[in-house]
Amino acid sequence: MTARAEIENTLGRASWGYDEDDVDLIAAQFTETASMTMQIGRDGDTIGPFEGREAIRKLHADSLVAQTDQRRHNLSNLVITAETADSASTTANLTLLSIENGAVQVLSSGWYRDDLVREGDTWLISSRHIYLDLPY
């Protein structure tokens with residue numbers, strides 16, 4: 001499998017984990033020392049950083065407990081902006097859908113900016129910044 005395909009799979013598993021309420025799958029896509037931040041809206045303050053795999057896992061677990069709908073994270077326009085044999089930087093657009101009461105609606109759009117590292121045969125996210133156009 002190519003590095004690009006492996007990177008796409010890592011990003012996809014992180015999204016799939018959220019959509020399927022599997023915080024262990026989400027956490028497994030991050031390094032032990034990963035960092036994550038978020039910003040909502042151009043004028044929004046930076047939320048975080050959430051430092052370490054367990055803090056990132058807890059953030060997602062707390063978010064899942066609070067929601068009543070089914071979420072679907074759709075990543076598109078993945079661009080690898082830098083790549084070496086053991087590291088990569090990416091950007092990807094996000095469209096966040098909500099399914100509830102028989103209706104689908106777009107909750108937000110935005111993008112992810114990720115730094116990834118290869119640990120053995122696996123690509124893991126070492127740093128993630130999420131930008132959302134609207135609150136989720």
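Visitor: Which residue is the bridge partner of isoleucine 80 in β4?

Guide: In this predicted model, isoleucine 80 has threonine 90 as its bridge partner in β4.

Visitor: What makes β3 and β4 a pair of strands?

Guide: Strands count as paired if at least two bridges are found between them. Strand β3 (residues 70-83) and strand β4 (residues 87-100) are joined by eleven bridges and run antiparallel, so by that cut-off they pair. The two form a hairpin, with three residues between them.

Visitor: How do you know that β4 also pairs with β5?

Guide: Strand β5 (residues 103-119) and β4 share 14 bridges in the antiparallel sense, against a requirement of at least two. Alanine 92, for instance, stands opposite tyrosine 112 in β5. In the hairpin of β4 and β5 there are two residues between the strands, and asparagine 101 takes a positive phi near 55 degrees.

Visitor: Why are β2 and β3 said to stand at the edges?

Guide: Let's take the order of the strands to begin with. Six strands form an open sheet, ordered β2-β1-β6-β5-β4-β3, with mixed pairing. Both β2 (46-51) and β3 have a single partner strand, so one side of each lacks a neighbour in the sheet. On average, neighbouring strands here are turned by 20 degrees against each other, direction ignored.

Visitor: Which strands does helix α1 touch when it packs on the sheet?

Guide: Helix α1 (residues 3-19) touches β3, β4, β5 and β6, and its direction makes about 155 degrees with that of β3. Helix α3 (residues 53-66) packs on the sheet too, touching β1 (30-40), β2 and β6, at about 45 degrees to the direction of β1.

Visitor: How do you know that the span of α3 is close to what is expected?

Guide: With 14 residues, α3 reaches 20 Å from its first C-alpha to its last, and the expected value at 1.5 Å a residue is 20 Å.

Visitor: Why are the buried residues of α3 said to line one face of the helix?

Guide: Buried means under 20% relative accessible area, and in α3 that describes Arg53, Ile56, Leu59, His60, Ser63 and Leu64. Looking down the helix axis, these buried residues fall within an arc of 130 degrees, so they line one face. They pack against α1, α2 (23-27), β1, β2 and β6.

Visitor: What makes Glu54 an exposed residue, and where does it sit?

Guide: Exposed means over 50% relative accessible area. Glu54 is listed as exposed, along with Lys58, Val65 and Ala66, on the face of α3 turned away from its buried side.

Note on methods
Residues numbered from 1 in each chain as written. Predicted model: local features only at pLDDT ≥ 70, side-chain atom pairs only at ≥ 80, totals over all residues. Heavy atoms only, no water. Helix = DSSP H or I, 4+ residues; strand = E, 2+ residues; numbered from the N terminus. Axes fitted to C-alpha atoms, helices over the stretch in contact; angles between N-to-C directions. Contact = heavy atoms within 4.5 Å. Expected span 1.5 Å × (residues − 1). Buried < 20%, exposed > 50% of the residue type's maximum accessible area, 1.4 Å probe, protein only. Arc of directions from axis to C-beta.
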